[in-house]
Amino acid sequence: NVAGVVEKSKVSYSIMSAEAELDDLFKSLGKAVYNAGKGEADAELADSIVDRIEKKMLAIKDLRERSAAVRGVIICESCGAENPAASNYCSACGVK
């Protein structure tokens, strides 16, 4: 199915882009904390970056769930392993 392949590609690209943005946010947070430690920046900047990191992590989680749905799998909420959609138990950790 061509539409399915296109959707998988779009979601994969979105995940990669969001993960790159997350890496940049972590770098920014490191710089903000370093500068705050030197007394050169305010702590509010670090708090703002932490908030943005949390939002980006939630967005990535949503994208991964969307990717799993497109591929016909589910993600274990306990360990993050992928399982067939019809599974009652996680094949990695055994959680129901």
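Trainee: Which residues does Val95 touch, not counting residues up to four places away in sequence?

Mentor: Val95 touches Ser78, Asn88, Tyr89 and Cys90, where contact means heavy atoms within 4.5 Å. Keep in mind that this is a predicted model, in which local features need pLDDT of at least 70 and side-chain atom pairs count only at pLDDT 80 or more, while totals for chains, interfaces and linings use all residues. Residues are numbered from 1 along each chain as its sequence is written, and side-chain values use heavy atoms, with hydrogens and water left out.

Trainee: Why is Val95 called partly exposed?

Mentor: The term buried is kept for residues under 20% relative accessible area and exposed for those over 50%, with partly exposed in between, using a 1.4 Å probe and protein chains only. Val95 has a relative accessibility of 37%, and therefore counts as partly exposed.

Trainee: What makes Pro84 exposed, and what does Pro84 contact?

Mentor: Pro84 has 51% relative accessibility, so Pro84 counts as exposed. Pro84 is found in strand β2, a strand being a DSSP run of E with at least two residues and a helix a run of H or I with at least four, both numbered from the N terminus. Leaving aside neighbours within four places in sequence, Pro84 is in contact with Gly72, Val73 and Ile74.

Trainee: How do you know that Ser67 is buried, and what does Ser67 touch?

Mentor: The relative accessibility of Ser67 is 10%, and so Ser67 counts as buried. Ser67 lies in helix α2 and touches Val11 and Ile15, not counting residues up to four places away in sequence. Both Val11 and Ile15 belong to the buried residues of α1, and what covers the buried residues of α1 includes α2.

Trainee: What span is expected for α2, and what span does α2 reach?

Mentor: The expected span of a helix is 1.5 Å times one less than its number of residues. Helix α2, residues 43-71, has 29 residues and reaches 42 Å from its first C-alpha to its last, close to the 42 Å expected. Helix α1 has 36 residues and reaches 53 Å, close to the 52 Å expected.

Trainee: Why are α1 and α2 called roughly antiparallel?

Mentor: Axes are lines fitted to C-alpha atoms, for helices over the stretch in contact, and angles run from 0 to 180 degrees between N-to-C directions. Angles under 35 degrees count as roughly parallel, over 145 as roughly antiparallel, 65 to 115 as roughly perpendicular and the rest as oblique. The axes of α1 and α2 come within 9 Å and cross at roughly 160°, and the two helices are therefore roughly antiparallel to each other.

Trainee: How many disulfides are there by the distance rule?

Mentor: A disulfide is a pair of cysteine sulfur atoms within 2.5 Å, and by this rule the count comes to zero. Cys76 is in no disulfide, since the nearest cysteine sulfur, that of Cys93, is 3.7 Å away.

Trainee: What makes Cys76 and Cys90 buried?

Mentor: Cys76 has a relative accessible area of 12% and is therefore buried, and Cys90, at 7% relative accessibility, counts as buried too.
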